[in-house]
Amino acid sequence: MSDKVLMKGNEALAQAAICAGCRHFFGYPITPQTELAAYMSKTMPKIGGTYLQAESEIAAINMVQGAAAAGVRAMTSSSSPGISLKLEGISYMAGADLPALIINVQRGGPGLGGIQPSQSDYDLATKAPGHGDLHILVFAPSSVQEMVDLVSHAFDSADKYRMPAMILADGLLGQMMEPVVLPEKAKEPSELPKKEWAACGHEGERKHNIVNSLYLQPQELEDVVKARYERYAKIEADEQMCEKYMTEDADFVIVAFGACSRIAKSAINIARKKGIKVGLIRPITLWPFPVDALKEAAKNAKAFLSVEMNMGQMVNDVKLAIECKKPVEFFGHTGGIIPTPAEIVAKIEKMQEEIK
Amino acid sequence: MAVFKKPASLAEVTTSYCPGCPHGIIHRIVGECIDELGIEGKTIGIAPVGCAVMAYNFFNCDFIQAPHGRAPAVATGVKRSLPDHVVFSYQGDGDLAAIGTAETVHSATRGENITVIFVNNAIYGMTGGQMAPTSLPGQITQTTPYGRDVKIAGYPIKVCEMLSTLDGVQYAERVSVDCVKNAIQAKKAIKKAFQNQIDGKGFSIVEGVSGGPTSWGLGPVAALQWSRDNMRAYYPLGVYKDRDTEDKTND
C-alpha cells in the first residue's frame, strides 16, 4: 500500500485525476478551486500532459469537449459561477455522448454570491446541468480520501456510459487538508480502453467518425434521446452509491452529502448519547440518487431530515424517493454558513417532540 | 490526361448550401488541399453553428460539431490531444466574429497550431438573414430593416486586420472565390494555412469574402457582383500577416 500523505482537497482531486490517466486539463481561475488548477499547472508539464488556462470557463469546457471528442481523458474544474458558464458545453457533451470530468468546488450563490462553502448547485447538477433532456453522473465526496477514490471512479463511469461526470465538492472539502492514500499504481493514458467512436483521424482504416449533437428530424432526435434515457435507467438501477451510518435502528434518518454529512455524523453521536436513535444516509451519487437505500430506510424510520448547505434542494429528492410515506424536514444554512452539530440536534429534538 | 473530379476528401452527398453560395467552392478548395497534402486520414474538422453546421456530412475526414462560436476552443482541445494531427475549423462570421470572438482572439494569440477557414458573408444565413458582426454600414438585413446604422449597431469587425496585430498569428489572408483568378489565389492561401500547421508554425486563418444570395435576396450572379461592389471596399483582399515574410524582412 502507498504511504499516507497530507493533502489539500483541491490538490488531491488534481493528483487523483493524474493517477487516473488524465493528461489534459483546461481551466479558468476561480475561488475556491484555485489550488486544483495551480497543481495541474505545476505537474502536467513534468509528465507530458497539458495544462491550459483558457480565456473563459466557456472556452475551457469546449477545450475539454474537443479533447474528449478526440478520445482522451480530459477534465476541467471550477466553482459555482464558472459552472453556470460551462453548462452549454456540458449539454453539448451529453448530446454527443462524450465522457469527461467536471469538478465543481461549490461556493455560495446566486450571482457572484460569496466564496465560502455551499451546496447550492445540487439542483443544477442533478436536475438541469444544461439545456435539453439530459443527465450527468454526479458524485459527492465527503473526505479528501473519497475525493481521490471518486475521481478515478467518475472517469471510469463516464467512459463506460459515455457521458459527462461531475464531482460536486464544496469550498470546505476543497480547502481542508487530510491524510490520503493515493493509488499505488497510477494509470498511464495508454492503458485506458480505446474509444472507437473518437474523432482522432481515420488513417484510411475506417469510415470517418462524426461527433455531433444535431438531429434536425424530430423522430431521429427523439430516438436518440430515448436510447440515452434507456442508458440512464440502467445507471439509476446499477450505480446508486451511499453510505449508511447507524440506520439499522434509527427512528430519525438524516440525509446529508459532502461536508454536511460529516457534521451530521457528529450530531448523530450527540443525539445517540441523549438516547435519540438517529442515523445517516449519505448519498455518494447524487445522480443517480440512492433511492433504494432511502426506500428501505422508510420502512422503519419515523421521519427524515435533509441537512444541506442551501435553502433545501435535495430534500425534494428525499420526498420523492420515499414517496412521501414519512415526514421529511429540512435544515440548512446558505451563503457560506456551515450548520453546527448542535443546531442539527436541536432540530431532531424538535422533530421528536412533534412526532410524539 | 487530367480528369476533373470531386476531391476524394469530399463526401458523395449533396450539400445543404443555397444555390450560388460560395460555400460549395470553398469546400471544394479545402477538399483539394486535404487531398493534395495527403492528410485526410489524420485531419479532424470542426463544424460551426451556422450555414456550415452540417459540414461534418460533406467531408470524409473525422469531424466534430461545436457549439456556436466555440470551434477554436474545441479545435484547441483536439490539437492539444493529438498534436501530430491536422485540425481545422470552418466558421462563418456570426460564429467567429460575434459569439466566438473571445475563442477566436485567444486561440490566435496563443498561436494555437490550427487552421481556421473563415467564410464572411456579412449576414446570419442559417437563421434567415439577420445583421452579422461583419454586415456593412447601411446594409439591410432582417434585424436592420432600415440599414445598419452605425450609431445604433456599431461598425463591422475586420477580422484579418484585427488578428494581424497579435503576435501569436502566423498567417492571415483575405481571399475571394468570385472568379477563377481569385479562386486560384484562395486555394494557394488555404493550402498554405494547412501547410503552416503541418510545419508547426502556428495559427493560420484564411478569410473568404463570400456571398449569401438567399439572405441578401439576390440571384447568384448578382450576389457575387454585390460582394465585389460593396464588401471588397470594406474588406480588401490580401495578406495581412505572414511571419514567413516578416522573418525574412527582419533578417
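The charged end of Lys158(B) sits over the ring of Tyr234(B), at 4.4 Å from its centre, where a charge over a ring requires NZ of Lys or CZ of Arg within 6 Å of the ring centre and within 35 degrees of the ring normal. In chain A, Lys265(A) lies over the face of Tyr245(A), 5.3 Å from the ring centre. The model is predicted, so local features need pLDDT of at least 70 and side-chain atom pairs pLDDT 80 or more, while totals for chains, interfaces and linings use all residues. Residues are numbered from 1 along each chain as its sequence is written, chains are lettered from A and ligands numbered from 1 in the order in which they are written, and side-chain values use heavy atoms, without hydrogens and water.

Aromatic pairs were assigned for rings of Phe, Tyr and Trp (its six-membered ring) with centres within 6.5 Å; planes under 30 degrees apart count as stacked, over 60 as edge-to-face and the rest as tilted. Over all chains, this rule gives eleven aromatic pairs. Phe25(A) and Tyr51(A) form a stacked pair, because their ring centres are 5.9 Å apart and their planes are at 10 degrees. Phe25(A) belongs to strand S2 (residues 24-27) of chain A and Tyr51(A) to strand S3 (residues 50-53) of chain A, so the pair ties together parts that are 26 residues apart in sequence. Helices (H or I, at least four residues) and strands (E, at least two) are DSSP runs, numbered from the N terminus. Phe25(A) is buried, at a relative accessible area of 0%, whereas Tyr51(A) is partly exposed at 22%; buried means under 20% relative accessible area, exposed over 50% and partly exposed in between (1.4 Å probe, protein chains only).

In chain B, the rings of Phe59(B) and Phe63(B) are stacked, because their centres are 5.6 Å apart and their planes are at 25 degrees. Both Phe59(B) and Phe63(B) are buried. One aromatic cluster is formed by Phe59(B), Phe63(B), Phe88(B) and Phe194(B).

Helix H3 (residues 57-69) of chain A packs against helix H4 (residues 80-95) of chain A at an angle of about 30 degrees, with the axes 8 Å apart. Axes are lines fitted to C-alpha atoms, for helices over the stretch in contact, and angles run from 0 to 180 degrees between N-to-C directions. H3(A) and H4(A) are therefore roughly parallel to each other, a class that takes angles under 35 degrees, with over 145 counted as roughly antiparallel, 65 to 115 as roughly perpendicular and the rest as oblique. The contact (heavy atoms within 4.5 Å) involves residues of H3(A) including Ile58(A), Ile61(A) and Val64(A), and residues of H4(A) including Leu85(A), Ile90(A) and Met93(A).

Two cis peptide bonds are described in chain A. The bond from Thr31(A) to Pro32(A) is cis, with omega near 5 degrees, and Pro32(A) lies in the loop between S2 and helix H2 (34-43) of chain A. The bond from Trp287(A) to Pro288(A) is cis, with omega near 0 degrees; Pro288(A) is found in the loop between strand S13 (285-287) and helix H10 (291-298) of chain A.

Glu323(A) has a positive phi near 50 degrees and lies in the loop between helix H11 (314-321) and strand S15 (328-332) of chain A. Glu323(A) is partly exposed, at a relative accessible area of 45%. Cys324(A), in the loop between H11 and S15 of chain A, has a positive phi near 55 degrees and counts as exposed at 56% relative accessibility.
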